[in-house]
Amino acid sequence: MAVDHMRALLAIAATLWAAPHAAAQQMLPPPYQGVYQPQGVDEIGLWREDDEAEKELAASPLVIRDEALTAYVKHVLCETVGDDRCNSVRVYIIREPTFNASMSPNGTMRVLSGLFLRVRNEAELGAVLGHEFGHFESRHTLQAFRSRRTGSDVLAWGALLAGMAPGYRTMRTYQDLQLSVYGSLFRHSRDQEREADRLGVAYLNRSALRPQAAGDMWQHVMAEAESSASVRGLKKPNFNAIAFTASHPPNGERAAYLTELAASDGDARDDGAARYREALATWMPVFLDDQIKLNDFGASDYLIQNLAQNGWTDTLWLARGNLYRTRGTQRDFIAAAQFYQNALALNPALGEAYRGLGLSLIKTARRTEGQAALKHYLQLSPDASDAAMIRLMLPEENSQ
């Protein structure tokens, strides 16, 4: 009887836990309700924590303090979700070569610099920013906080009740409850991601930007993962599989439904590729260098070539040369030398390309040509930080 009573109580607890999380997904953005203010003790507490975290973030050395770049990202957000919605958002760009962005309940948006290598235009950037704003507008952080707290309460009571009626069947029932609660938590997270995806593409549908870019971006993400796995000799990822503990839907699923939800008449809209390239021109060499240092050749090579779909630039050729020279096989040095020459054909004043070209040629037994390139590098960049080291590689009469 005790065991049956225990199972009944646990079944009731599991039902109470699961019931609030069966809400239907929103397919379109809700009407704008004005600047939102926190409601209730939970939300006010979360906002206060975020306010303190934002103070620390504002002083962090990882934040890129480029007003023009920050203003541009904020502009793309506003173009995506509308000026009325985005006015209260504060954007912080963090130098971290990871594909991610996030938004806090108090209106703080964090954009990691690795994102800028994964998108090629304003429409793709807007898809990511709109997705994060969708989490903010739907107050998903508060919902997740309450879900975790409810789940913890259910498990705590379950553990107490299991302790009152010890036995194999009781413990097995409690373990089943644990799986149910954890599964509900992860499922709830995935549902929130789907809702934010739908809101993100809905914002684009109502913007002047091309909404099909949302699906395109996830195709790029999958292609990058495939390239990374292939070079590492790993099995091709399954983009339609979903793990029990996955917090996001499968990438294949996301690409499919985002493409389907994009307005069919939006495919001819401007995607802002030229504006994007111009706005990122100063920082792109820095972000590419950060990516190369991750030592993921397949992913880095894919990203460079993907960005070049809008046309090769001296910056992209230089980065590809650096990538191949860093890996450092003999074939890589030969390829790198060609990439550096391609960069110099576009920009003969690009000193870094002469440096890479010289080092690559020396590695392929073309020492005289390599030294000539290094000499040219020193002429263009006499105060370079590595000038003294480079001079050691030149004949004394040519090092001046």
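# Group meeting: a walk through one predicted model

Let me begin at a loop. Ala365 sits in the loop between α16 and α17, the latter covering 367–380. Ala365 is not a glycine, yet its phi is positive, about 65 degrees. Buried or exposed, then, is Ala365? Ala365 is exposed, because its relative accessible area of 71% is over 50%. Keep in mind throughout that this is a predicted model.

A second residue has a positive phi without being a glycine: Asn295, at about 60 degrees. Asn295 belongs to the loop between α12 and α13, where α13 spans 297–307. Asn295 is exposed as well, with a relative accessible area of 66%.

The largest nonpolar core has 83 residues, and the members that touch the most others are Val111, Phe116 and Leu125. Take Leu125 as one of these. Setting aside neighbours within four places in sequence, Leu125 is in contact with Tyr72, Val76, Leu115, Phe116, Val119 and Tyr276. There is also a second, separate core of 5 residues, including Leu57, Val63, Tyr92 and Ile94. As a general remark, nonpolar side chains in soluble globular proteins tend to be buried together.

Phe116 leads on to the aromatic residues. How many aromatic pairs does the structure hold? The structure holds 9. In one of them, the ring centres of Phe116 and Phe287 are 5.7 Å apart and the planes are at 15 degrees, so this pair is stacked. Phe116 is in helix α5, residues 115–118, and Phe287 is in helix α12; the two are 171 residues apart, and the pair links distant parts of the chain. Both Phe116 and Phe287 are buried.

Another pair is Tyr324 and Phe339. Their ring centres are 5.1 Å apart with planes at 75 degrees, so this pair is edge-to-face. Tyr324 lies in helix α14 and Phe339 in helix α15, residues 330–346, so the pair ties together parts that are 15 residues apart in sequence. Tyr324 and Phe339 are both buried. The two also belong to one aromatic cluster, together with Phe297, Trp312 and Trp317.

Helix α14 comes up again at a pocket. The second largest pocket has a volume of about 290 Å³. Its lining has 15 residues, of which Pro285, Asp289, Leu318, Asn322 and Glu352 are the closest to the centre. Which helices each supply at least two residues of the lining? They are α12 (284–292), α14 (314–327) and α16 (351–363). The largest share, 6 residues, comes from α14.

I will finish with one histidine. His220 is placed in helix α9, residues 213–232. His220 counts as buried, because its relative accessible area of 11% is under 20%. Which residues does His220 contact, leaving aside neighbours within four places in sequence? They are Arg118, Arg120, Glu124, Tyr302 and Asn306. Leu303 is 83 residues away from His220 along the chain, and their C-alpha atoms are separated by 8.6 Å.

Conventions: Residues are numbered from 1 along each chain as its sequence is written. This is a predicted model: local features need pLDDT of at least 70, side-chain atom pairs count only at pLDDT 80 or more; totals for chains, interfaces and linings use all residues. Side-chain values use heavy atoms; hydrogens and water are left out. Helices (H or I, at least four residues) and strands (E, at least two) are DSSP runs, numbered from the N terminus. Buried means under 20% relative accessible area, exposed over 50%, partly exposed in between (1.4 Å probe, protein chains only). Contact means heavy atoms within 4.5 Å. A nonpolar core is a set of buried Ala, Val, Leu, Ile, Met, Phe, Trp, Tyr and Cys residues joined through side-chain atoms within 4.5 Å. On a 1 Å grid over the protein atoms alone, a cavity is a set of points where a 1.4 Å probe fits but cannot get out, and a pocket is an open set with protein on both sides within 12 Å along at least five of seven lines; lining residues have an atom within 4 Å of a point. Grid points are joined across faces, edges and corners, and a volume is the space filled by probe spheres set on the points. Rings of Phe, Tyr and Trp (its six-membered ring) pair if their centres lie within 6.5 Å; planes under 30 degrees apart count as stacked, over 60 as edge-to-face and the rest as tilted.
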